[in-house]
Amino acid sequence: MQKEDLLRMQEVDVRKVDREKLTDIHDIIIEETDTLEKKRQSFLEQTRNPYVVKAGEYVLKLSFAECEKTLEDRIAEYIQNQAKAHI
């Protein structure tokens with residue numbers, strides 16, 4: 001995924017997004033045995049837009065503070081935290 005693609009995805013207006021095309025965060029399945037890179041790729045493929053997802057009837061727009069961590073770092077943290085929650 002190119003930086004330009006991520007910037008375009010980040011700019012999506014949640015008021016105009018088609019809810020039917022969004023992935024429900026509860027439907028995302030990450031294989032615990034996959035490598036971190038495969039987990040990241042799976043998350044990106046399943047969400048189609050890592051910045052906009054739905055949770056039930058709600059549309060969620062994710063954003064990240066300006067810092068040294070990348071989107072990939074944040075996704076990895078999310079996945080690791082989810083794995084810990086299920087142990």
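Here is a tour that goes from model confidence to helices, charges and a surface patch.

**Before you click**

This is a predicted model, so local features need pLDDT of at least 70 and side-chain atom pairs count only at pLDDT 80 or more, while totals for chains, interfaces and linings use all residues. Residues are numbered from 1 along each chain as its sequence is written, and side-chain values use heavy atoms, with hydrogens and water left out.

Colour by pLDDT, the predictor's confidence in each residue on a scale from 0 to 100. The chain averages 85, and 94% of the residues score at least 70. Confidence is highest in β1, at a mean of 92, and lowest in α3, at 82. The helix and strand names come from DSSP runs (H or I of at least four residues for helices, E of at least two for strands), numbered from the N terminus.

**Stop 1: the aromatic pair**

Select F43 and Y78 and show their side chains. A pair of aromatic rings is described by the distance of the centres and the angle of the planes. Rings of Phe, Tyr and Trp (its six-membered ring) pair if their centres lie within 6.5 Å; planes under 30 degrees apart count as stacked, over 60 as edge-to-face, and the rest as tilted. The structure holds one such pair. F43 and Y78 are tilted, with 6.1 Å from centre to centre and 55° between the planes. They link distant parts of the chain: F43 sits in helix α2 (residues 36-47) and Y78 in helix α3 (residues 71-85), 35 residues apart.

F43 has 5% relative accessibility, so it counts as buried. Y78 is partly exposed, at 35%.

**Stop 2: along helix α2**

Stay in helix α2 and pick R40. This arginine counts as buried because its relative accessibility is 18%. Now show its contacts, meaning heavy atoms within 4.5 Å. Not counting residues up to four places away in sequence, R40 touches E72, D73, I75, A76 and I79.

Next comes S42, in helix α2 as well. S42 is buried at 18% relative accessibility. Leaving aside its neighbours within four places in sequence, S42 is in contact with I29 and I30.

Move on to L44, another residue of helix α2. L44 counts as buried, with 9% relative accessibility.

**Stop 3**

Select R48, in the loop between α2 and β1 (52-55). Most residues other than glycine have a negative phi. R48 is not a glycine, yet its phi is positive, at about 65°.

**Stop 4: the salt bridges**

Side chains of opposite charge can pair when their charged atoms come close. Here, a salt bridge is a side-chain nitrogen of Lys or Arg within 4 Å of a carboxyl oxygen of Asp or Glu. How many does a search of the whole structure find? It turns up five salt bridges.

- Start with R8 and D5, which meet at 3.7 Å, N to O. Both lie in helix α1 (residues 3-10), three residues apart, about one turn of the helix. R8 is exposed at 53%, whereas D5 is partly exposed at 27%.
- Then pick D13 and R15, whose closest N and O atoms are 3.0 Å apart. D13 is partly exposed at 23%, and R15 is exposed at 73%.
- Finish with E77 and R74, which meet at 3.7 Å, N to O. They lie three residues apart in helix α3, about one turn of the helix. E77 is partly exposed at 25%, and so is R74 at 24%.

**Stop 5: a nonpolar patch**

Switch to a surface view and select Y58, L60 and L62, which make a nonpolar surface patch of about 270 Å². Patches are made of residues with over 30% relative accessible area and no salt bridge; like charges are joined within 9 Å, and nonpolar side chains (Val, Leu, Ile, Met, Phe, Trp, Tyr) within 5 Å. Accessible areas come from the Shrake-Rupley method with a 1.4 Å probe; for residues, only the protein chains shown count as cover. Y58 belongs to strand β2 (residues 58-61) and is exposed, with a relative accessible area of 54%.

Definitions and conventions: Buried < 20%, exposed > 50% of the residue type's maximum accessible area, 1.4 Å probe, protein only.
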